[in-house]
Amino acid sequence: MKNRRMEKKTILKYLLAVLACTGFAAAARAALQDAVPGEDRQTTIRVYPRESAGKIKPVNGGNLAPPLEDEEMPGCNLREAFAGMHIPITRLHDAPLENPGMRLVDLPLIFANPEADAEDPDNYYFAQTDDYIANCIACGTEVYYRLGTSIEHSVNKYFVHPPEDVRKWVDVASNVIRHYTEGKWNGFRYDIRYWEIWNEPDLGPKMWTGTLQQFNDFYAQAATELKKRFPHLKFGGPGHCAFGEQAVRDFAGNCARHKAPLDFYSFHYYSPTDTELLQMAVDARRYLDECGYPETEIHLNEWHYNPYGGALWNMGPAEQNEAIRFMRGLESAAFLNTVMIGWQDTPLDKGFYYTVTTTRWGVFENRTPVKTYYGMKAFGELTAYPERVRTETDGMPAGSRVLAGTDSLGNLAILAACWKSGPREFTLDIDGIGKFARTEVFLLDETHDLSRVFETGRTAGPLKIGTVSDSGVILIRLSKND
């Protein structure tokens, strides 16, 4: 993977030289010239804190919550670190895979005997899912519950078959919903709004052993009945693993023929390019509108950086593990930020990174945060400044983006994602910068994990920032008070 890593030798000990001190700025410019002689690497970012550009969409949702497994072992409790990412909503799919031996979330694990009486509370096992969801709530994240089962990579398939009795499946799902939202059977009254029906039926026998038409009919029947019972909740799906016009039209068209509710449409994609993920949101909106669902929300509820494309799935174990390790690194951290910034100007309503926990696709390795953890944390911190403000850029390279917002007190935050942009020299021209009493700059690069690398008091600007890596993330906070 060395050709995927930063190719340039260490030029500066720091990726960032900042502001106000002309010595730092001059050193950055000199290093920049040494790194890429003769190339134009100048970028200007203008920020207008008093000009609203709407709301920042919190598209930084995730898959999975802090695992219950090994929580009492030293260094294994991830609740504080998880809360630090400010994940707004968490999708509970594949939870049993991260918690071996536990009966979590999946309907066949909560209601284990399909022949049992669906109205007898003794036939349900809620204890571990109760604790898992309680972790979510304690960490400040909303729950997005997937009704169905986890993926099965085993030779034999156990729970991914079409339900033989759809009405009973709906009864079981209804009792799970009532347990967590209405307090049924010593339950809870959580505000869980989103209930996804199934996951990746188009993947084949790993997730659904029937035909796609069978699934589409099952969804229509289940969603219609659940919506009758819980009109205030949102039901959708199906978590398509292969996004495409035909898949969306077949699914949504079948919903329309059955007059079935589709409060949200969900799909998945692991992409090598930012533009592909942005375009998919635009295309999904068009297909749904044309099928008669203009109000349906669009959720990309599994996504990740995959620069290898389909070749990833054909790699041997050692090569694939190394590839996935790279996909948790700095380039991926910059990618996820430039994508979430780009989604601000698309019809996407919610995004869910897969995963924000300890899986091989996650943001921890051996319970230790990796670069993508700090990438998620950077965007999460920006969401504390929800009023988006206008920005302009000159010379911003493809794949790099900037987003800025203010909070209710008028404090300002700026997030710049530099994905494979190469070394650059940024000039930030912030309107009214002299009104801010304190400026802090945080850096995510090879040697910094979103750590503060510079702070100053009141300044006249402009802000000068030099970078010398291929990818990185910069977070700047400007406060009205010291």
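Buried means under 20% relative accessible area, exposed means over 50%, and partly exposed is in between, with a 1.4 Å probe and protein chains only. This is a predicted model, where local features need pLDDT of at least 70 and side-chain atom pairs count only at pLDDT 80 or more, while totals for chains, interfaces and linings use all residues. Residues are numbered from 1 along each chain as its sequence is written, and side-chain values use heavy atoms, with hydrogens and water left out.

Q: Why is Phe-243 called buried?
A: Its relative accessibility is 14%, so Phe-243 counts as buried.

Q: What makes Phe-243 and Phe-267 an aromatic pair, and why is the pair called tilted?
A: Rings of Phe, Tyr and Trp (its six-membered ring) pair if their centres lie within 6.5 Å; planes under 30 degrees apart are stacked, over 60 edge-to-face, and the rest tilted. A search of the whole structure turns up 36 aromatic pairs. For Phe-243 and Phe-267, the centres are 4.5 Å apart and the planes make 35°, hence tilted.

Q: What does the pair of Phe-243 and Phe-267 tie together?
A: Phe-243 lies in the loop between strand S7 (234–240) and helix H8 (245–257) and Phe-267 in strand S8 (residues 264–271), so the pair ties together parts 24 residues apart in sequence. Helices (H or I, at least four residues) and strands (E, at least two) are DSSP runs, numbered from the N terminus.

Q: Is Phe-267 buried or exposed?
A: Buried, because its relative accessibility is 0%.

Q: Why is the pair of Tyr-270 and Trp-361 called edge-to-face?
A: Their ring centres are 5.2 Å apart and their planes stand at 70°, so edge-to-face it is. Tyr-270 is in strand S8 and Trp-361 in the loop between strand S10 (350–353) and strand S11 (364–365), 91 residues apart. Tyr-270 is buried because its relative accessible area is 18%, and Trp-361 counts as buried because its value is 10%.

Q: How do you know that Lys-184 lies over the face of Trp-185?
A: A charge sits over a ring if NZ of Lys or CZ of Arg is within 6 Å of the ring centre and within 35 degrees of the ring normal. Lys-184 is at 4.5 Å from the ring centre of Trp-185 and lies over its face. Lys-480 lies over the face of Phe-436 too, at 5.6 Å from the ring centre.
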